[in-house]
Amino acid sequence: MGKKLAFIGLGTMGYPMAGHLQQAGYQVCVYNRTGSKAEAWCEQYGGSSAATPAGAAKDADIVFSCVGNDQDVRSVYYGEQGIIAGARAGAVLVDHTTASAELAVELAQAAADAGLQFLDAPVSGGQAGAENGCLTVMVGGAQATLAKVEAVMDSYAQAITLVGEHGKGQLCKMVNQLCIAGILQGLSEGLQLASKTGLDVTTLVEVLKHGAAGSWQLENRAENVAKGHFDYGFAIDWMRKDLGICLEQASQLGLSLPLAEQVDQRYAELQQRGFGRSDTSVLYKQFDQEHHD
């Protein structure tokens, strides 16, 4: 694929991802709902910006998007000013938003009808992964389509895996979020016991990380949790959005996900206490004594 790219959505993830593409030597045209963010990005990285998603997509070989939720995705893909209307024939559309599997299938069809190719490609690795260019990308779509864009995505990814047809990328991300929710609940309970019994958390992490309890969350979050620091990226407002997608999918399948439901409820309570923008490890604060007396 050529050198011209578009990136739609310059949030916590999209801003640095688009930056990696520009720094890798591609010509990137960005669009963001809040124009000042696009201006700041152009000032920082070079590149150009457009007033609409269609305008950004116009000359691009590949159009990337990373926005908030299903509704946001539809708002940038459809309509006269949308990506699909603006993209040139043969372009590849890659959606990095964490959204529903149904939407991915719907967009793939809409893209095909317009002579375009589509991949659902949600990412894992959080803000740090985006900034450091080491995201994990789970892709739904055709291998031949992925082959056209994989080298470009290497600019911000450390692992890119095709997991199946359209929608499977999003389903894989759901599994990812469910696993994280469970690990964080276990970590919260473990650290609660550690705190009550006077165990040193630094030593604890050093011991546990080499065994079966080892996890990314343990190594990257346990000591911050012990210090009461919860401003490390992925906010619980977004995690609740993702868990909502998981629980909706489970409901359609007649599945019960009791741990996810419990964690979602704890997060809802923490939102009410003003922790909506704190990162997901703030789950630990469900044990705060004054809220349980």
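## Surface and overall build

The accessible surface of this predicted model comes to about 13200 Å². Carbon and sulfur atoms account for 51% of that surface. Of the 293 residues, 51% count as buried.

The secondary structure comprises 13 helices and nine strands. The radius of gyration is 20 Å, close to the 19 Å that the globule rule gives for 293 residues, so the protein is as compact as a globular protein of that length. Its C-alpha trace spans about 65 × 45 × 35 Å along the principal axes. Take the contacts between residues at least 6 apart in sequence: 64% of them join residues at least 24 apart.

In soluble globular proteins, nonpolar side chains tend to be buried together. Here, the largest nonpolar core has 34 residues. Those with the most contacts inside this core are Phe7, Leu21, Val30, Trp41, Phe64, Val94 and Met153. A second, separate core has 25 residues, including Ala60, Val73, Leu103 and Ala104.

Trp41 deserves a look. Leaving out residues up to four places away in sequence, Trp41 touches Leu10, Tyr15, Ala18, Gly19, Gln22, Val28, Val30, Gly46, Gly47 and Ser48.

## Helix 2: one buried face

Trp41 sits in helix 2, residues 35-45. The buried residues of this helix are Ala38, Trp41, Cys42 and Tyr45. An α-helix has 3.6 residues a turn, so residues three or four places apart point the same way.

What does the buried set of helix 2 pack against? The partners are helix 1 (14-23), strand 2 (27-31) and strand 3 (48-49). On the other side of helix 2, Glu39 and Glu43 are exposed. Gly46 follows the helix, with a positive phi near 85°.

Strand 4 covers residues 62-65, and all of them are buried. Ile62 and Phe64 point one way, while Val63 and Ser65 point the other way. Phe64 is also among the residues with the most contacts inside the largest core.

Strand 4 pairs with strand 1 and with strand 5. Strand 1 (residues 4-8) runs parallel to strand 4, joined by four bridges. In this pair, Ala6 stands opposite Val63. Strand 5 (residues 92-95) also pairs with strand 4 in the parallel sense, over four bridges. There, Ser65 has Asp95 as its bridge partner.

Note on methods: Residues are numbered from 1 along each chain as its sequence is written. This is a predicted model: local features need pLDDT of at least 70, side-chain atom pairs count only at pLDDT 80 or more; totals for chains, interfaces and linings use all residues. Side-chain values use heavy atoms; hydrogens and water are left out. A nonpolar core is a set of buried Ala, Val, Leu, Ile, Met, Phe, Trp, Tyr and Cys residues joined through side-chain atoms within 4.5 Å. Buried means under 20% relative accessible area, exposed over 50%, partly exposed in between (1.4 Å probe, protein chains only). Contact means heavy atoms within 4.5 Å. Helices (H or I, at least four residues) and strands (E, at least two) are DSSP runs, numbered from the N terminus. Two strands pair if DSSP finds at least two bridges between them. The radius of gyration is taken over C-alpha atoms; the globule rule is 2.2 Å times the number of residues to the power 0.38. Accessible areas come from the Shrake-Rupley method with a 1.4 Å probe; for residues, only the protein chains shown count as cover.
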